[in-house]
Amino acid sequence: MAEERKQKGSITVLPTESMKAMAESVGVGQLQEESCLALSEEVSYRIKEIAQDALKFMHHGKRRKLTTNDIDYALKLKNVEPLYGFQSQEFIPFRFASGGGRELHFYEEKEVDLSDIINTPLPRVPLDVSLKAHWLSIEGVQPAIPENPPPAPKEQQKAESTEPLKAVKPGQEEEGQVKGKGQGAATTEGKGKEKCRLKPRSTHELSVEQQLYYKEITEACVGSCEAKRAEALQSIATDPGLYQMLPRFSTFISEGVRVNVVQNNLALLIYLMRMVKALMDNPTLYLEKYLHELIPAVVTCIVSKQLCLRPDVDNHWALRDFAARLMAQSCKTFSTTTNNIQSRITKTFTKSWLDEKTQWTTRYGCIAGLAELGPDVIKTLILPRLPVEGLRIKAVMEGPVVSNIDKIGAEHVQSLLLKHCASVIAKMRSPPDVAEHYRVEFGVLGPLLCSHVVKARTQAAMQAQQVNRTTLTITQPRPTLTLSQSGSGGGLSRPPSIIKVPSSLTL
């Protein structure tokens, strides 16, 4: 039994040869056998103790694999400095060597040439540690800056407006259901009806910074400085964090149009329509929840009886054209089979246009609004009315002058009809264009309409011809760019205009 215990204990004791090798590595030469035996027993005991403590750390960490960190923690527990530099994820290739009756395992180190180290360029100096502060939240509202998460996307805004119950937070939804059960459990369960979930009220409060931004933007948009106005409109059209201020902007536009139409302030109405255009150009805003304020404001600028103090002098026709384009853009973007915006707007314009007592300014706006909705609307609603409108225009322009404003309005309505109808008729009818045929079909406006259709065909043919005849000719030895165009101009060649842009008032 004693011998068996001795053998079992000798298994856990390091050999004395290892003690001699370690002693020689630190400069101790002739170490006695008794000293080596005592050292091996002590070292074996300490190593076993550290291994047991390391296993305890492994078990407490719910792991089955012993790591070097467990050994370090065990050494720290014994107030021994832990080992460093041996936490390698890769296999360390120890090499085996033997000689002189001794066996060694060593790690082969790579020889480094000092000249290579000296000639190696120095690495880049690392950047200093720096701190940057930014606003995470201002009075409970997250500012739209690059460091913060992006604001609510357009799809989320659309979901909140179309399906509000899906936007309710889980805690609020459960709370509403619990209240419903407590208050009317008997009635709802008795009748077998579904429980009604109400969307909780949400407060739309602006922070101080947002209030300051709103004030600066609105003052710049309706102010007298054109540079500030351009910057403000650019900010409205591109800033991604304006969805919280969108109710204020829509109310500002609606109230501004209502007040300035009464005061006949043409300039401010133009500025407000430019704000509507900037809001519609912002890709991050969802305007459908605020169309009930924006569309009446735009329609007012289209069909209002008087928009300025001097209708016979001021160019309020350009504002009506611009607002008509905004209305067409709104119909194209937001009209669906559910809200039927385009059909309702078309019915409104048509009803006002067909009224005999409608003023010429309002008649112009109705025709402009219908014409901007597209060729199909022109073909269906405007072209059949050309004979009647021609007689009405002729009665005003050739009859006794009742009002100069009516005569100017009739001229603008005639030019508007010729402008929009000529391009549609040019695509509908095939040449030749005979004035008498146009007179029979379209009444008094037939000859003028025929000439405009011919002019539209000629311009389209010239533009197509110029695009086809603009060539790039390369000759040797010198490359040249040759633009050819027919016509004579006193020996001076004029460069061709590939696209002709009609002059119009820039709003």
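Start with helix α15: its buried residues are covered by a set that includes α12, α13 (316-334), α14 (341-354), α16 (375-382), α17 (386-398) and α18 (404-428). Helices here are DSSP runs (H or I, at least four residues) and strands are E runs of at least two, numbered from the N terminus. Buried means under 20% relative accessible area, exposed means over 50%, and partly exposed is in between (1.4 Å probe, protein chains only).

A word on what you're looking at: this is a predicted model, where local features need pLDDT of at least 70 and side-chain atom pairs count only at pLDDT 80 or more, while totals for chains, interfaces and linings use all residues. Residues are numbered from 1 along each chain as its sequence is written, and side-chain values use heavy atoms, with hydrogens and water left out.

**Stay on α15.** Select residues 360-371, a helix of 12 residues that reaches 16 Å from its first C-alpha to its last, close to the 16 Å expected at 1.5 Å a residue. That expected span is 1.5 Å times one less than the number of residues. How many of the residues of α15 are buried? The count is 12 of 12, so the helix is mostly covered. Click along and you'll pass W360, R363 and Y364, which are among the buried residues.

**Next, two of the covering helices.** Show α14 together with α16. They pack at an angle of about 35°, and their axes are 13 Å apart. The axes are lines fitted to C-alpha atoms, for helices over the stretch in contact, and angles run from 0 to 180 degrees between N-to-C directions. This crossing of α14 and α16 is right-handed, meaning that the near helix is turned clockwise from the far one by less than a right angle.

Now put side chains on Q342, T346, T350 and W353 in α14, which meet V377, L381 and I382 in α16. Contact means heavy atoms within 4.5 Å. The residues of this contact divide into 4 nonpolar, 3 polar and no charged. In that tally, Ala, Val, Leu, Ile, Met, Phe, Trp, Tyr, Cys and Pro count as nonpolar, Asp, Glu, Lys and Arg as charged, and the others, Gly among them, as polar.

**Over to L291.** This residue lies in helix α12 (residues 291-303). L291 counts as buried because its relative accessibility is 8%.

**Two loop stops.** Select K62, in the loop between α3 (33-60) and α4 (68-77). Its phi is near 55°, a positive value in a residue other than glycine. Then jump to N264, in the loop between α10 (246-262) and α11 (266-281); its phi is also near 55°. Buried or exposed? K62 is exposed because its relative accessible area is 78%, whereas N264 counts as buried because its relative accessibility is 17%.

**A cysteine check.** C301 is buried, at 0% relative accessible area, and C308 is buried at 1%. A search of the whole structure finds 0 disulfides (pairs of cysteine sulfur atoms within 2.5 Å).

**Zoom out.** The protein chain has 20 helices and 2 strands, and buried residues make up 31% of its 507 residues.
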